[in-house]
Amino acid sequence: MTELLWLIPALPLASATLLIFAGRLLGPRWIATLGVGSVGAAGICVLLTILQWQGLPLQQQLWTWIAVGVLSAGVRVYIDGVSRGLLSVCAGGG
């Protein structure tokens, strides 16, 4: 389930960006649907990730920022036991 890791922060961030720039053009029902739906979808991704948890840290390389010789720096999503607990409380509600 590591392919879902990037969706956990991306869904609420995309929804917040859309609501910031186009919130006045949308009705209250669409605003509520986007806000609650994005967090709910991220919560489902968290639940699916936790159900596939096997005790080892999960990580997904999103992109490589710079690579020079053997030195490589990139953007990576990393979930271990502590972050799994925090994700379950914040996105899962308990």
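A nonpolar core is a set of buried Ala, Val, Leu, Ile, Met, Phe, Trp, Tyr and Cys residues joined through side-chain atoms within 4.5 Å. In the structure considered here, which is a predicted model, the largest such core has 10 residues. Its members are L4, L5, L7, I8, C45, V46, W53, L58, V77 and I79. At least two residues of this core come from each of α1 (7-22), α2 (28-51) and β2 (71-79).

With neighbours within four places in sequence left aside, W53 is in contact with L58, I79, D80, G81 and R84.

The secondary structure of the chain consists of three helices and two strands. Read along the sequence, these elements are arranged in the pattern α-α-β-β-α. Contacts between residues at least 6 apart in sequence were also considered; 51% of them join residues at least 24 apart.

As to overall dimensions, the C-alpha trace spans about 50 × 35 × 20 Å along its principal axes. The radius of gyration of the chain is 16 Å, whereas a compact globule of 94 residues would have a value near 12 Å.

Burial and surface were computed for the chain. Of its 94 residues, 19% count as buried, where buried means under 20% relative accessible area. The chain exposes about 6,700 Å², and 69% of this area is supplied by carbon and sulfur atoms.

Conventions: Residues numbered from 1 in each chain as written. Predicted model: local features only at pLDDT ≥ 70, side-chain atom pairs only at ≥ 80, totals over all residues. Heavy atoms only, no water. Buried < 20%, exposed > 50% of the residue type's maximum accessible area, 1.4 Å probe, protein only. Helix = DSSP H or I, 4+ residues; strand = E, 2+ residues; numbered from the N terminus. Contact = heavy atoms within 4.5 Å. Rg over C-alpha atoms; globule rule 2.2 N^0.38 Å. Areas by Shrake-Rupley, 256 points an atom, 1.4 Å probe, with all protein chains shown as cover.
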